[in-house]
Structure formats: C-alpha cells, structure tokens
Amino acid sequence: MSPRSITIDPITRLEGHGKIHLFVDDDGNLADCYFQVPELRGFEVFCLGRPVEEMPRITTRICGVCPEAHHMASVKAADAVYGVTPPPAALKLRELLYNGFYAGDHTTHFYALGGPDFVVGPEAPKAERNILGVVRKVGLELGAQVIKQRARGQRAVQIIGGKALHPVTALPGGMSKRVTKEEQQELVRIGDEMVEFAKTTIKVFDDVVLKDPATVDLVLSDTYCHRTYSIGLVDPAGKVNFYDGTVRVVDPDGNELCRYRPEEYLEHIAEAVLPYSYLKYPYLKKVGWKGLVDGADSGVYRATPLSRLNVSSGMATPLAQAEYEKFYGALGKPVHHRLAIHWARLIELLYAAERWVQLATDPEITSDNFRTVPTATPTEGVGIVEAPRGTLTHHYWTDSRGVVTKANLIVGTTNNYAPISMSISKAARSFIKQGTVVTEGLLNRVEMAFRAYDPCFGCATHALPGQMPLEVVVRDARGGVVTTLSQFC
C-alpha cells in the first residue's frame, strides 16, 4: 500500500501561501514530509528595464507586510549603484523609519500570528487561536493598546515615508524630505509610547509564557530544536543593527565562520533548488549544500531574530540589553530552540522602540541637508538590511544610463526555507506516530514549527538568474496525467 497522505492546506497565520504534505505509513508513523510554496512572484523579472532610481518605490509592492524592508534594501543598493553616500541626516531618517516599522511588525506577529499558540494555547479550539482569543486572555485594555501600537507604527511611516503603506521617501543619495520640528515632537511622543508598550508586552510574555511550565517544556523540547549556523547584521561594536553593518555568520557552537560586506554576499551565499517548490534554499558556500540536515557539516543557516541575537555581542540600548542578558542567562548561548525565536523577537521589539527614541530626539533629523545628488555613472550595487524575517539582499546591475539589466533578491524568508522545512519535518515526526490520533490540535503543533520564523512567502519566491523552477501537470477529465512539462534552473 502507498502511504496515507495528510495535507495542511492552507497553512495559517502567515504572510503568503503554503501547504504541508504529510505521508503516514501503514503503521501510523510519518514516512515523509514536504513543505511546498506554490505561489510565484518573480519580481526580478519585473525590475528589468526600469530606471534604478525607481526601484525603491517599485519593490515596496513585493509585500504589504514589510514594504519598508524592501524600500531600504533597494535604496541602499541604488546608493551603491551610483557610488553615493547619503548625508548623516538622511541615514538617521532612514533608520528612524525602519525602527518604527520594526516595532509595528513585531507587534503584529506576537499578538496576531505566533502569540496565540502560547497565550491561548496550542490545543485551544481553532476559533480561539487568534488575536481575539489573545485579547480575551490578556484583557481588553491591552487589546486596545495593540491597536494603538499598530497605529503608531503606521503614523511613524507616514510622517517620514510620505505614506502609511509602501513608503516613497528614500532616494539614491538620501531622502526626498526632512521632518519638521513639529513632526519631530510627535515622533518623540510616539517613541516614548512604543517603549512603554514593548515593556508591557515583555511582561505579558513573562507572566503568560515563561511562568507556565508546560509551555516552557515545549519551547525547550528537542521537537523544535535544530543546530544550524546563524547569520545577521552587526554594527562595528558587534551589536544588533537592523539598518546597517556587516553580516556575521557563526557556527552551531557560536564560533565565527565569516563576516562579509553587502557587495561580498555572492562569495558566501549560494542557492539550491528542489523540484517541488518555487522557493530556493540558500546555504553557506564555505560549508556546502548537504540537503535538509543540520549540524556543523551542513551549510544550512537561519536568519531570524534569534540568529541576530546569536551572532551579536549584545543590544545597543539599555533596556533591550538587560533582556538580552536575561535571555542568554536562562538558555545559554547560542540558542537553537526555534520556539525561542518568539522571545528574541520581543527583545528586538524593545530595542526598536528604544532606538527610535534615540534617533527621534536627534536634532539633525530636521536638517535641510538630507540628500547628496548622485553624479557618478551607474554600474552595480548591493544593499542589505535585516528584515524582521531575516537578512534581505537587493542586488542590481545597470547599464550606463542606470537602467536595470539584471536583479537578484534574497529575501528574509528565503534564507529560512531549509530550516523551516527541517523544523516542520521534525515536529511532524515527533507528533505523528503509531497509535496517535491525528487531531487538529496536533497538526497545529506542526504548524507552530514554521510560525516561529514569521515567514512571508509572497516576498520569498524569486528567480536567479531569471528562470523559475516550474512544473505544469496536464490532466484529462478523469484526473489522469496526460503530460508533465518541467523547467528547473
């Protein structure tokens, strides 16, 4: 007999579309597991023939959840194409906008996407495992604060970015506008409120998650543990930074493998292709692709809030640093428990709010010197930022007029496709065994394996160098396969 199949389609509480195919043998044990991403975006092809200065505006449309990440990676690549350095005021405005976006995005994931599994419980009725169930658990007052926090983030992006969604303000060489002194006062107020909200959220996590022994056992269980490499941006002092820095890579024991600047990424990162998905599988060239396995001999790495903390020497703000020390004091360093990504995400939320206040109070953000107009002949450039979901790379090649001739995007979620697949498979093997009744709650525990990564599959599908892995199956009226056409790069 062929194995019995179980399909989780669609998987829920994520950005984009995906499905999980589980195959159970005659004894009731998991025989195989496939995590498939069926959607196709291919933005690299859309970018061809476009003036590079338009890219920061076009690529925000890749995603409605993290347009600010693409906006910043894109404009940094455009800066590099023209060989231009923005003035200090522009750099501070960019980072200010970016940290406001981070605070809002991490809030959304904890309360609406990943948090319900912890705050409400993984076995709670499906209709209750959502943001409404979280509000019932923590109270209407905090629920109202979540809505206000989202509004703060949108207002922050609107003031600096020109629009509350899909910002348009960053240009090669700087920004299209500064902020007024009146706007600065509002930004400071927003930042102070964000810090208080982040502190409240960490307290909720402490009271609801960390004080529940069953949840802590789940977080620390081997079911959700993989020893892989970690990557992330660090500043010159080795601290976490979302907007700028060098990419640091550490092995499963926390030892540095390498560091690289944005323009060096192709020396360190390559991508494998498997035939059943539109996503590619990035891996470390120095180690090599060994398949979906973990350990120091496998080139698989993860790029998440947890990996950013793993590669760093700490946080650059005092409250976040205190939480960082508490985190590693409890779990040791590095941490490989994937559900601990949720905890790391809240430390980043606090850092983003604190960093926001630091930048918002800087008088230079109201300076009239907010752009250096490019004058050099455009060529090629790479921009890297840390998206909430991982290291985001934009790479553009242009002709002498600045028209894009080639583009490559490695999106935050793309980095994590291999470890996400491994985490889902390991969770499924742990829960689906002989004699086990497969319930909706059990399948939700399998889904929890990917939710920790906060994936965005709409962003993540792409082409390099301009071709997609594609399979078309033609069936007759009875469902029989007539022909299969395939193209794999």
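Two strands pair if DSSP finds at least two bridges between them. I start my notebook with that rule, then turn to this predicted model.

**Entry 1: β12 and β13**

I looked up strand β12 (380-387). It pairs with strand β13 (residues 390-398) in the antiparallel sense, over 8 bridges. A hairpin of 2 residues leads from β12 to β13. I recall that strands of a sheet pair through backbone hydrogen bonds, either parallel or antiparallel.

Is β12 enclosed or exposed? I found that 7 of its 8 residues are buried, so β12 is largely enclosed by the rest of the structure.

Next I stepped back to F370. This residue lies in the loop between α12 and β12. Which residues does F370 touch beyond its neighbours within four places in sequence? I listed P87, A90, G174, M175, S176, K177 and R178. I then checked F370 against R178. They are 192 residues apart along the chain, yet their C-alpha atoms are separated by 6.4 Å.

**Entry 2: an open sheet**

I traced a sheet of 4 strands. Its order is β8-β7-β6-β11, the sheet is open, and the pairing is mixed. Which strands are at the edges? They are β8 (256-260) and β11 (301-302), and each pairs on one side only.

I followed β11 to its partner. Strand β6 (residues 229-234) runs parallel to β11, and 2 bridges join them. In one of these, Y229 has Y301 of β11 as its bridge partner.

**Entry 3: helix α6**

I moved on to helix α6 (residues 131-138), where the buried residues are G133, V134 and V135. What covers them? The cover includes α4 (88-114), α5 (116-119) and α7 (140-161).

I also looked at both ends of α6. At the start, N130 has a side-chain oxygen within 3.0 Å of the backbone nitrogen of L132. Just after the helix, G139 takes a positive phi of about 110°.

**Entry 4: the largest pocket**

I looked for open space. Rolling a probe the size of a water molecule over the atoms shows where empty space is left. The largest pocket has a volume of about 540 Å³. It is lined by 24 residues, and those closest to its centre are K76, L91, Y243, D244 and G245. Which elements give two or more residues to this lining? I noted α3 (67-82), α4, α12 (341-360) and β12. The most comes from α4, with 4 residues.

**Entry 5: cysteines**

A disulfide is a covalent bond between the sulfur atoms of two cysteines. How many disulfides does the whole structure have? My search found 0. C66 counts as buried because its relative accessibility is 3%. C225 also counts as buried, because its value is 14%.

**Entry 6: the whole protein**

The protein has 16 helices and 16 strands. Of its 489 residues, 59% count as buried. I also looked at contacts between residues at least 6 apart in sequence: 67% of these join residues at least 24 apart.

Definitions and conventions
Residues numbered from 1 in each chain as written. Predicted model: local features only at pLDDT ≥ 70, side-chain atom pairs only at ≥ 80, totals over all residues. Heavy atoms only, no water. Buried < 20%, exposed > 50% of the residue type's maximum accessible area, 1.4 Å probe, protein only. Contact = heavy atoms within 4.5 Å. Polar contact = N/O pair within 3.5 Å; in protein donor to acceptor, adjacent residues only side chain to side chain. Disulfide = S-S within 2.5 Å. 1 Å grid on protein atoms, 1.4 Å probe; cavity = no way out; pocket = protein on both sides within 12 Å on 5 of 7 lines; lining within 4 Å. Points joined across faces, edges and corners; volume = space filled by probe spheres on them.
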